[in-house]
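This briefing concerns the salt bridges of one protein structure. Please view the sequence and the model below before reading the points that follow.

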Amino acid sequence: MLRVVCGIALLWMLAIASAWGETPPDSAQRRSAIVLSLDGIVGPATADYLIRGLAAAHGQNAAVVILRIDTPGGLDTSMRDIIRAILASPVPVIAYVSPNGARAASAGTYILYASHVAAMAPATNLGAATPVALGGGFPKPDEKEPGSGDKSGDKPAAEQPKGKPAAAAPKDASESKAINDAVAYIRSLAALRGRNADWAEDAVRSAASLSAREAHAQQVIDLIADDIADLLEQADGRTVRVGNSQTELQTKGLSVQHREPDWRTRVLNVITNPNLALMLLMVGVYGLIFEFMNPGALYPGVVGAICLLVGLYALSALPLTYAGLALVLLGAALMVAEIFTPSIGILGIGGAIAFVLGSLLLVDTDTPAYEVSLPLVAGVAVASLGMTFLIARLALRSRRAPIVSGAEALIGQRIKVLSWNGEQGHVAASGERWRAVGPAGLAPGDTVVIAAVHGVTLHVRADAPLLPPEPTRGG
């Protein structure tokens with residue numbers, strides 16, 4: 001009996017110890033805050049870094065992800081990739097415009113609206129979300145659109161809110177379509193997060209901007225925090241929508257882990273510069289050309305193949321236009337054809353023109369940071385034209401130059417007779433013994449000139465007129 005009681009007591013003790021050692025699921029589930037940094041232009045490298053960072057935060061069971069933002073904007077495609085990752089993230093995302101003096105302009109405003117919690121540090125701003133290529137600038141307060149009379153938009157000038165910039169009228173249907181698409185997108189994000197949708201539309205149509213205090217007053221953001229510790233303190237207890245459920249944030253006392261961009265992000269950020277990608281593409285093309293012209297050189301071929309593949313990978317990460325890429329490849333092909341088939345400049349000039357047009361159309365973006373540099377395009381075009389003219393000049397010179405090889409090069413040479421019998425014999429030409437036919441009366445050692453070449457037989461003539469034989473005198 002004593003043994004049974006002791007066994008039961010031991011089982012109870014083990015059960016209590018096991019229950020004591022277990023942590024409630026809600027408290028053990030989320031223990032840290034992962035900080036990701038969005039600095040500079042929003043591009044493919046930034047999107048790759050943030051998407052992988054959100055996936056890593058989910059793998060670490062993080063409580064929240066703090067997305068620290070300081071950006072002037074960037075590519076629309078990369079911005080939408082980031083927003084899709086935020087909306088699909090099972091870990092709440094707190095967008096935090098920081099440090100003091102930072103901004104969340106253009107694409108940064110959309111990302112801020114998509115986040116579960118939006119916060120800003122003092123002396124920061126957001127807004128100006130109008131696509132750069134649309135509208136062509138904004139009218140001055142005293143400037144009117146042609147045919148608008150006393151109106152600005154749908155309201156008379158006297159009814160326009162003071163301090164509110166007038167919206168730039170779209171120039172055509174294409175611009176109007178793009179602006180309306182951007183407005184619908186940011187309004188949908190505002191409705192999802194319960195933020196000010198009217199101001200979001202103004203940020204797109206009129207490039208409106210707000211300071212941190214104004215944004216908080218107009219319910220554009222949720223919090224103003226001095227630093228990350230203050231942000232976590234204020235965010236604690238807020239209820240946000242994650243997926244299809246409501247989640248209460250428990251951010252007090254979280255350990256903060258900074259996840260900085262790794263080598264992959266830094267390399268991708270460098271090579272996705274369209275100017276560098278274009279240079280790598282051209283270096284790769286010319287490297288392979290030199291390898292084909294000099295088989296066995298190896299270095300041009302190896303370096304060219306690497307540069308070509310890296311350049312193509314970089315271009316694949318950018319929003320390319322197929323017409324631009326086709327023109328660039330056509331231009332390179334024509335310039336290569338000029339080298340192998342000299343056309344007195346026709347192919348080379350056509351290739352340079354196609355390359356310039358393709359470079360200007362290569363990247364479909366309204367972000368100046370991702371536009372191909374005009375000086376770079378001009379430099380490559382001038383270098384290609386210079387090579388074309390050099391090849392054309394060498395081709396013309398080679399046509400005028402005397403022939404120095406082949407059967408034709410033998411014609412006109414003075415050679416020696418080795419043996420002769422009647423009208424045929426053998427001669428020495430170019431270090432070889434040839435069969436020859438020619439005038440009678442030649443003797444070994446005489447100098448003759450090659451007049452023609454027929455197969456392996458040389459037709460020769462005397463170098464000087466042959467004198468008739470002196471008559472013999474009878475004794």
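A search of the whole structure finds 13 salt bridges, a salt bridge being a side-chain nitrogen of Lys or Arg within 4 Å of a carboxyl oxygen of Asp or Glu. This is a predicted model, in which local features need pLDDT of at least 70 and side-chain atom pairs count only at pLDDT 80 or more, whereas totals for chains, interfaces and linings use all residues. Residues are numbered from 1 along each chain as its sequence is written, and side-chain values use heavy atoms, with hydrogens and water left out.

- Arg 52 and Asp 262 form a salt bridge in which the closest N and O atoms are 3.1 Å apart.
- This pair links distant parts of the chain, 210 residues apart: Arg 52 is in helix α3 (residues 44–59), and Asp 262 is in the loop between β13 (255–258) and α10 (263–271). Helices (H or I, at least four residues) and strands (E, at least two) are DSSP runs, numbered from the N terminus.
- Asp 262 counts as partly exposed, at 26% relative accessibility; buried means under 20% relative accessible area, exposed over 50%, and partly exposed in between (1.4 Å probe, protein chains only).
- A network of salt bridges links Asp 48, Arg 52, Asp 262 and Arg 264.

- Arg 205 forms a salt bridge with Glu 201, with 2.8 Å between the closest N and O atoms.
- Both residues lie in helix α7 (residues 197–205), four residues apart, about one turn of the helix.

**A pair between loops**
- The side chains of Arg 238 and Asp 222 meet in a salt bridge at 3.8 Å, N to O.
- Arg 238 is partly exposed, with a relative accessible area of 30%.
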